[in-house]
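Please look over the sequence and the model shown here before reading on.

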Number of protein chains: 2
Amino acid sequence: MDYQPRLDDIHRILFGVLDAAPQLQALPAFAEVDAALMQQVLDEAGKFVASEIAPLQRVGDETGARFEAGRVIMAPGFREAYQAFWQAGWPALANAPEDGGQGLPGVLEAVLYEMLSAANHGWTMAPGLLHGAYECLKHHGSPELKARYLEKIATGEWLATMCLTESHAGSDLGLVRTKATPQADGSYRISGGKIFISGGEHDLTDNIVHLVLARLPDASPGPKGLSLFLAPKLLPEGTRNGVFCERIEEKMGLHGSPTCVLRFEDATGWLVGEPGKGLNAMFVMMNAARLHVGLQGIALLEAAWQKASAYAAERRQMRAPGASETSLIQDHPAIQRILQTQRAWVDGGRLLAYRTALELDMIKHHPDAARREAALRWCSLVTPVLKAAWTRQGFLGASECLQVFGGHGYVREWGIEQIVRDARITMIYEGTNEIQAIDLLVRKVLPDHGAALGALLDGLAAEGPLPAEVTQRFERLREITARLGRAATGRADLPYWVADDYLQALALALLGWAGARIAHTLPEWQAPAQALRNWVLPEFGLRTQIIEQQIPATGTAAA
Amino acid sequence: MDYQPRLDDIHRILFGVLDAAPQLQALPAFAEVDAALMQQVLDEAGKFVASEIAPLQRVGDETGARFEAGRVIMAPGFREAYQAFWQAGWPALANAPEDGGQGLPGVLEAVLYEMLSAANHGWTMAPGLLHGAYECLKHHGSPELKARYLEKIATGEWLATMCLTESHAGSDLGLVRTKATPQADGSYRISGGKIFISGGEHDLTDNIVHLVLARLPDASPGPKGLSLFLAPKLLPEGTRNGVFCERIEEKMGLHGSPTCVLRFEDATGWLVGEPGKGLNAMFVMMNAARLHVGLQGIALLEAAWQKASAYAAERRQMRAPGASETSLIQDHPAIQRILQTQRAWVDGGRLLAYRTALELDMIKHHPDAARREAALRWCSLVTPVLKAAWTRQGFLGASECLQVFGGHGYVREWGIEQIVRDARITMIYEGTNEIQAIDLLVRKVLPDHGAALGALLDGLAAEGPLPAEVTQRFERLREITARLGRAATGRADLPYWVADDYLQALALALLGWAGARIAHTLPEWQAPAQALRNWVLPEFGLRTQIIEQQIPATGTAAA
């Protein structure tokens, strides 16, 4: 059974609970965009995903991308689907009209990518990288570079890559060694090796635009010596640039997406942004990219849930408690618990992720600086939480869904084990989940003594009355944050030990808030709300307890 | 890096903490078996595993078992390794001397299989099934059947299978439809389809002995109508029996072990045990088989830990808190936490699993009925806990170890992702973890109102002084058990909702006990003990809280 976009479920969260339409329509940029238009766009997107992308899920895994003498041949059907995708205008949905885009809200793009990732995570990797490259070039590219590449990227006619990682420089980009040497004509010669380049080579598009992190000859060591360059696969005059794909990785999953080892050998490139500001240029797109990875977690969990709940509604084994004959497995408590728990994570995650996408739209388009500031705060704090906690749940929850199938879950034909394998990468790429946790606690929450977090929680409380347990979780978080901050002044390593627990605690507090909002609006959401209360949210107490245990009254924490 | 058996670590738990040698030597059957002999056997086993089995780990995954026109060709090297294995006497280590075995304690066999599974889970599936078949035939086979097959199985010259599952009968064996029709000569004709038959066909041995669950013509429906039959691949006269391998499954992992779809077509077989007592004959070996799956969880976690800790000791990325230059990743708190947590689960699991194997030796060989009774109680209660909680941790902990590698963990060359894929099946086979939890709580703990569990905990307390927090956990468990039992009288489905939490709570209580025992004996076990206290054992409170939340004072639980 292929993934089926369930637009009704999505509309209920996006328009029913989040009430996104009037908020967007209030922005000058989207004055013409009403709920009916947005629903129509999403319904069309759903049809495209169901008919063109979902059917390629298995061939992407089984045949996958193949490497042959420097070329990468994508799985059968991938190129055709991609050509149909960009020609229908989907990559350009939320891009600026002056760049060839449709100028629609980013939140629609977020939902589109949720559906695409659920249908076919591997295929979706290719267009998924376009958007960061577009933003990066739009904000930092020179007029000449933009004239040559921006529209091609905006429309998706050409695909793009992010060439950051090197074999010795993964999480630590400061160690990057690739060199860029200035040429008389203003271009640069780039040389070095890059790994883990998704879509570094393929046959989906005629050209590929690489954004490459490299070091100028006189650059200082460390992250501040890094600059960003654009180096296309085909040069403007049509000749092949010095970018070579040496091999593609054999991976646990995501076989539909080629993960390339690239060698830049005197490749011609042009500077994007200022010298030494390469990382800044990339941070522009970081929040959006991380949100999209969080959405992948939600998407894969939805896809796994669809498979497991369909199976549980057909398969009979043993009698459920109180039954007089063999029961559907969906009637067994252990199975119900698994299914309703994932439902709660999916819907709660959707509310938070769609809200984050909406806040990104506010950052771009809201006329009021204070509102933009609040939106920036939301994105800064919630994005790492979505990225880490929902990719974690994407993997663990998909594995729970696999369990619903018993032994059948372990065999390929049911497709559930592919989701588990594919989902595992989301906990690693775009910054490992451990790095997200450190980003949240050490870089964002503690430096201002919890002020931004406090303002975020105040904002949620101000939006409407909340159940007491939601407010209590918020209070506990403030208290823990304050105590942690004080203890960390005496012991700088302390936050690093408990950052994962802190992120998970905030995730659960936000999930509790989201669940309360959904249950308030949607009466049919009883069972997931109960699962949330019974099986999921008690972990909040565990996480805060683990953190507190590390903050002794004396101030000398034991780790 | 292949898995390396670390005999020193194993000896420390088995002889240092558990003090297995004098307990075994006190049994008449093992009067000649002292610590030196046992260590020597294990050291030899370790050498065999390291030199013959571990190097085949990757080819087992990448080439795997192949199906060709009804035949299964095992991965290169598998047959040679198996022939060396049985000819060296390893399968017969703990089997009775009168059957061609060496008569050594079963605990040595348990350690042997831990090492084998860590080195190569796929290869180990083949001999792993021998031991259950041996016990089953030894206790239930007719003299004629034993004369023909027992020694072949005891020595491992022929391998064996367990043919239980059918496509519609997985966890629910009562639904089995395979038929056995009596023949004039006392044999039976067996017809039907079986799935998920590990080693159902292969080229490791000349013959394969299938134990098949089937239904006699006049049998009642449900589990009581099932009988057990022995049907060999080659009949005594050398001709091929009517057992056909139709295909092998494509699986998430464990590619080294062929999972066969078998068709029995008028296959000749002989009854094992009494008609209608097929399931009883199989339950004989259930505890031992489930212990071995729990050991697989421990083994895979040890293998994953070895890889991750070696990588963390070589790879440098970013500065750890307080460091002035780029640090080894093992110095980052998030990585230390992952590694020490797995260390604690491995060593604590070993103590419990070796103890369980020792108790199985007591059941077989202790002259005192009361001691045998206590041993039976231990195995009955602890085995499902080991099977479920340690296979869960085997998978989740291996996934944590994968995380240590960052992006490299997701690519095949490091071998860690294989362990995660292989480990996933252990949560399913030999009874899913959900079924283990129901077995523990609904079938074993509640029916006698927690008496057996209480006796088990009393026994541990009587063995020596325990830290207060260990005793407190035991008390909490007794209390929760009593309350749960009372509440369940009003609501029979209640235990089914919280069985997983209950099993996990007992697992953590036992792990806490094991950790205290190890830390008491081994001063070098500081860091894992601290990880246990800081990051692992707090979950005990979460699990008991989830259960308690379902037991309202009014007696009407809300699930």
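A residue is called buried when its relative accessible area is under 20%, exposed when that area is over 50%, and partly exposed in between, using a 1.4 Å probe and protein chains only. By this rule B:K138, with a relative accessible area of 22%, is partly exposed. This is a predicted model, in which local features need pLDDT of at least 70 and side-chain atom pairs count only at pLDDT 80 or more, while totals for chains, interfaces and linings use all residues. Residues are numbered from 1 along each chain as its sequence is written, chains are lettered from A and ligands numbered from 1 in the order in which they are written, and side-chain values use heavy atoms, with hydrogens and water left out.

How are the two chains related? A rotation of 180° with 0.0 Å of shift along its axis superposes chain A on chain B, with an RMSD of 0.0 Å, where copies are superposed by least squares on the C-alpha atoms of residues with pLDDT of at least 70 in both. The two copies are therefore related as by a two-fold rotation axis. In chain A, the C-alpha nearest this axis belongs to A:L542, which is 3.0 Å from it. The same surface serves both copies, since 100% of the contact residues of chain A recur in chain B; contact here means heavy atoms within 4.5 Å.

Turning to the interface itself, 70 residues of chain A are in contact with 70 residues of chain B. The size of an interface is often given as the accessible area lost when the parts come together. Between them, chain A and chain B bury about 6,000 Å², 60% of it on carbon and sulfur atoms, where buried area is the accessible area (1.4 Å probe) that two parts lose on being put together, summed over both. Of the area that chain A buries against chain B, A:Q403, A:Y410 and A:W497 supply 14%, more than any other three residues.

The side of chain A that touches chain B draws at least two residues from each of several elements, including β5 (188-198), α11 (333-365) and α12 (369-404) of chain A. Helices (H or I, at least four residues) and strands (E, at least two) are DSSP runs, numbered from the N terminus. The largest share of that side, 7 residues, comes from α19(A). There are 4 salt bridges between chain A and chain B, a salt bridge being a side-chain nitrogen of Lys or Arg within 4 Å of a carboxyl oxygen of Asp or Glu. B:R412 forms a salt bridge with A:E250, and the closest N and O atoms of this pair are 3.8 Å apart.

Which residues of α18 (residues 526-536) of chain B are buried? They are B:P528, B:A529, B:A531, B:L532, B:N534, B:W535 and B:V536. What covers the buried residues of α18(B) includes α17 and α19 of chain A, together with α11 (333-365), α17 (494-521) and α19 (539-549) of chain B. In helix α19 of chain A lies A:I547, which counts as buried because its relative accessibility is 0%. Leaving aside neighbours within four places in sequence, A:I547 is in contact with A:I480, A:L484, A:V498, A:D501 and A:Y502.

Over all chains, the structure holds 78 salt bridges. The side chains of B:K138 and B:D99 meet in one of them, at 2.8 Å from N to O. B:K138 lies in helix α7 (residues 130-140) of chain B and B:D99 in the loop between α5 (78-87) and α6 (106-128) of chain B, so the pair ties together parts that are 39 residues apart in sequence. B:D99 counts as buried, at 8% relative accessibility.

In helix α3 (residues 35-53) of chain A, A:E44 and A:K47 are 3 residues apart, about one turn of the helix, and their side chains meet in a salt bridge at 3.3 Å, N to O. A:E44 counts as partly exposed at 39% relative accessibility, whereas A:K47 counts as exposed at 53%.
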